[in-house]
Amino acid sequence: MAISITDTDSILNFAEEDLDKIPNVMPLLPVRDIVVFADMLFPLFVGRDKSVNAVDEAISKDNFIFLATQKDFETDDPKADAIFTMGTVCKILRVVKIPNGQTKLLVRGIVRAQIVKYRKKRKFFMVEIQIIKEPKVSAKDIASQALMRTVGQNCEKILRINGEMNGEIAALLAKITEPGKLADIVATNLKLRNEECQMILEIIDPIKRLKKVNRFLSKEVALSKMQAKIQANVRDEITKNQRDYFLREQVRAINKELGETDEKYEEIIEYEKKIKKAKMPEHALEEAGKQLMRLEQMHPESSEASTVRTYLDWLVELPWSKYTKDNYDIKKSKAILDKHHYGLSEIKDRIIEYLSVKKLNPDMKGSILCFTGPPGVGKTSLGKAISKSMKRKFVRISLGGIKDEAEIRGHRRTYIGSLPGRVLQSLKQCKSSNPVFMMDEIDKIGSDFRGDPASALLEALDPEQNSEFSDHYVNLNFDLSKVMFILTANVTDTIPPALLDRMEIIELSGYTEEEKTAIAKRHLIPRQKDDSGLKRRKININSKALSAIINGYTSEAGVRNLERQLNKIFRKIARKTVEGKKGALAITESVLKDYLGLPKYYPEMDKEESQVGVATGLAWTQTGGEVLYVEVSLIPGKNELITTGQLGDVMEESARAAVSYARAHLKDYGLKKNFFEHTDIHIHVPAGAIPKDGPSAGVAMATALISALSSKPVSKDVAMTGEITLRGRVLPIGGLKEKTLGGLRAGIKKIIIPKKNEQEIEKLPDNVKEKIQFIPVKNMDEALKTAFDV
């Protein structure tokens with residue numbers, strides 16, 4: 001609130017105005033951001049065409065003009081209904097034309113008036129008005145005097161709080177003896193909204209108007225007191241901080257002269273050295289400097305100082321500019337890969353290709369490989385071998401079971417105990433920005449109300465985005481484009497499509513018996529021997545014993561269980577060594593029972609002879625390929641199909657398709673058309689506790705059914721895979737390599753496959769192609785010729 005002294009003459013001389021000389025028709029000037037009261041003396045800038053025309057009209061006559069506030073501040077051309085009807089008759093005292101086209105007026109408010117009628121609306125508004133005469137208030141009225149004194153005291157309080165009170169203003173307030181005039185001048189100087197001012201303007205009764213103003217004034221007193229208190233507190237705080245700063249500087253200078261150290265000062269100097277040594281990018285360096293300044297101004301024991309200290313520790317320890325030099329010696333890299341892993345030529349070739357391109361183009365972005373395959377085939381250990389071949393650091397995290405997005409992107413620093421995500425944690429741990437980064441079990445990520453970690457990984461794994469990876473805790477962009485990401489999964493079905501699209505999938509199907517034997521001799525046996533403390537003792541496990549262990553004690557695509565069995569053997573040897581039995585030791589097939597007990601698997605004994613109504617199928621599982629026996633029995637009944645063995649919906653449909661095909665060819669088997677009217681068909685797949693599904697058992701089901709109908713046995717050495725149609729066509733399937741290896745472990749000699757899968761045979765290992773004969777077929781007729789044991 002501020003009361004202008006220039007208003008004095010206007011207020012004192014207002015009664016001298018002859019209201020009868022004011023015309024009842026005059027130009028209207030709409031104003032935007034002000035409500036005009038009587039006795040106001042104020043400048044006014046006019047620029048709108050209608051407003052300029054109204055001013056010109058007023059000057060050309062008697063300088064009287066009616067000012068009313070428009071309802072919408074933003075309207076440039078207000079209509080009659082957009083202007084308040086209650087306003088103030090004013091007189092133009094001075095007019096100045098400004099070069100920018102505007103007109104500056106000095107205007108004085110005279111008396112309230114109300115629009116009765118609009119006379120003109122085109123070039124400017126010409127209105128007919130009615131002057132509002134206020135009711136007189138007796139000077140002896142004690143209530144009005146008390147009210148005026150209260151208003152005056154409140155005005156003085158505000159002016160004193162704001163430091164604006166002086167003798168002239170006090171004299172001005174004392175000279176005002178009419179409640180209406182006092183209400184108008186106070187309302188003029190209060191910081192009220194236009195709506196509130198207009199409300200006061202429209203109150204005719206001076207006592208009621210003054211009471212309304214007093215309410216606003218009391219509110220302003222409370223606000224002014226609170227504002228003054230806040231400003232005083234701020235000044236005190238600033239003064240205290242400045243005082244503390246100068247005292248700290250003085251103490252630091254004294255300690256320096258005495259040769260004593262200031263722990264906080266030493267800490268700041270140490271952080272400055274670490275920040276410089278970290279070689280951060282510009283945006284990170286700026287943030288580190290800002291946080292260091294905050295730390296310097298804080299009390300060392302405050303909780304916030306501890307939070308800033310932890311954040312700075314993370315910033316200086318992240319490997320912003322630390323890289324290891326890649327090994328571009330292709331021959332040496334291949335030798336390292338061959339040393340650590342047997343076979344896997346496709347993956348080794350992919351790594352050598354990557355190194356070749358990297359050598360020609362050092363700025364190439366990091367690639368994202370995804371190794372998929374059954375457990376135990378060496379996906380994780382292959383990542384370690386790749387890092388050794390490239391001479392990069394290796395870091396590994398397991399994503400299995402993660403459901404919180406913050407595990408990837410980190411927690412925001414607002415939380416107590418917040419930390420960066422596991423991506424930046426791992427990089428800090430390995431102290432390199434270009435490691436081989438392995439993420440295991442990518443297919444086992446979950447999601448819940450805390451977010452979707454798979455979606456958070458998109459930014460980290462996308463080569464187009466990961467150069468500006470943003471962790472919630474660090475809140476700064478970090479370059480992951482030089483990292484070589486390797487992911488592992490057992491299956492790709494559960495990986496989100498958007499994430500899968502960013503990966504290069506490399507399949508590790510499983511090992512043949514020869515490959516397992518070579519892996520055991522080169523890697524597993526030496527490692528278990530060392531781990532068991534038998535490095536100096538001569539122990540020999542011959543090839544026949546290894547073959548017996550592989551076929552009789554394990555049934556897997558990888559070599560994890562094989563290593564467990566070897567560990568069991570070496571544990572027993574270690575015990576014998578401790579008990580005093582020394583010398584060379586030979587492990588042969590005949591002594592395996594003493595070390596491993598009875599064999600657990602008899603793959604070649606599952607079907608000792610060819611049988612009617614039993615066919616051997618091949619199945620793909622997450623642990624590799626397996627044989628799947630399909631049994632069919634024909635029993636008296638009412639033409640029903642019975643399926644058992646926990647078959648899934650797709651497998652049930654394959655069974656119905658096989659039955660429909662058989663019914664359509666009853667003549668070929670010498671059966672009557674009504675054969676099924678009194679016969680039930682029971683199709684059973686053993687291992688009933690294990691759920692089974694998929695379309696590739698269709699050929700095996702049809703073969704077993706036709707075998708039962710025709711009483712022809714199905715060859716025990718033949719396995720089959722393929723989807724069947726109602727017309728007997730054999731459609732292609734997936735996972736041929738895994739199924740083939742599963743059949744090989746079961747002693748299968750021939751495999752019937754769909755004709756369209758024939759080209760995949762070339763990708764199989766040579767020793768597999770030598771042991772198994774593949775029979776590509778287009779339809780069931782060709783499959784039955786091979787399947788039946790003639």
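Which residues form a nonpolar patch on the surface? I started my notebook with that one, keeping in mind that this is a predicted model.

**Entry 1: the patch.** I found Met226, Ile230 and Val234 in it, and together they have about 270 Å² of accessible area. I looked up Ile230 next and found it in helix 7, which covers residues 206–258. Ile230 counts as partly exposed, because its relative accessibility is 47% and that class lies between 20% and 50%.

**Entry 2: helix 11.** I moved on to residues 330–340, which make up helix 11, and noted that Ser333, Ile336 and Leu337 are buried there. Looking down the axis of helix 11, I see these buried residues fall within an arc of 95°, so they line one face of the helix. A handy reminder for me: an α-helix has 3.6 residues a turn, so residues three or four places apart point the same way.

What covers the buried residues of helix 11? I noted that the cover includes helix 12 (345–360) and helix 13 (379–390). On the face turned away from the buried side, I found the exposed residues Lys331 and Lys339.

I also checked the N-terminal end of helix 11, and Asp329 caps it. A side-chain oxygen of Asp329 lies 3.3 Å from the backbone nitrogen of Lys331.

**Entry 3: Val591.** Where is Val591 found? I located it in the loop between strand 15 (585–587) and helix 21 (592–596). Val591 counts as partly exposed, because its relative accessibility is 24%. Last, I compared Val591 with Arg575: they are 16 residues apart in sequence and 16 Å apart in space, C-alpha to C-alpha.

Definitions and conventions. Residues are numbered from 1 along each chain as its sequence is written. This is a predicted model: local features need pLDDT of at least 70, side-chain atom pairs count only at pLDDT 80 or more; totals for chains, interfaces and linings use all residues. Side-chain values use heavy atoms; hydrogens and water are left out. Patches are made of residues with over 30% relative accessible area and no salt bridge: like charges are joined within 9 Å, nonpolar side chains (Val, Leu, Ile, Met, Phe, Trp, Tyr) within 5 Å. Accessible areas come from the Shrake-Rupley method with a 1.4 Å probe; for residues, only the protein chains shown count as cover. A salt bridge is a side-chain nitrogen of Lys or Arg within 4 Å of a carboxyl oxygen of Asp or Glu. Helices (H or I, at least four residues) and strands (E, at least two) are DSSP runs, numbered from the N terminus. Buried means under 20% relative accessible area, exposed over 50%, partly exposed in between (1.4 Å probe, protein chains only). The arc is that of the directions from the helix axis to the C-beta atoms. Contact means heavy atoms within 4.5 Å. A polar contact is a pair of N or O atoms within 3.5 Å; within protein, one must be able to donate a hydrogen and the other to accept it, and residues adjacent in sequence count only if both atoms are side-chain atoms.
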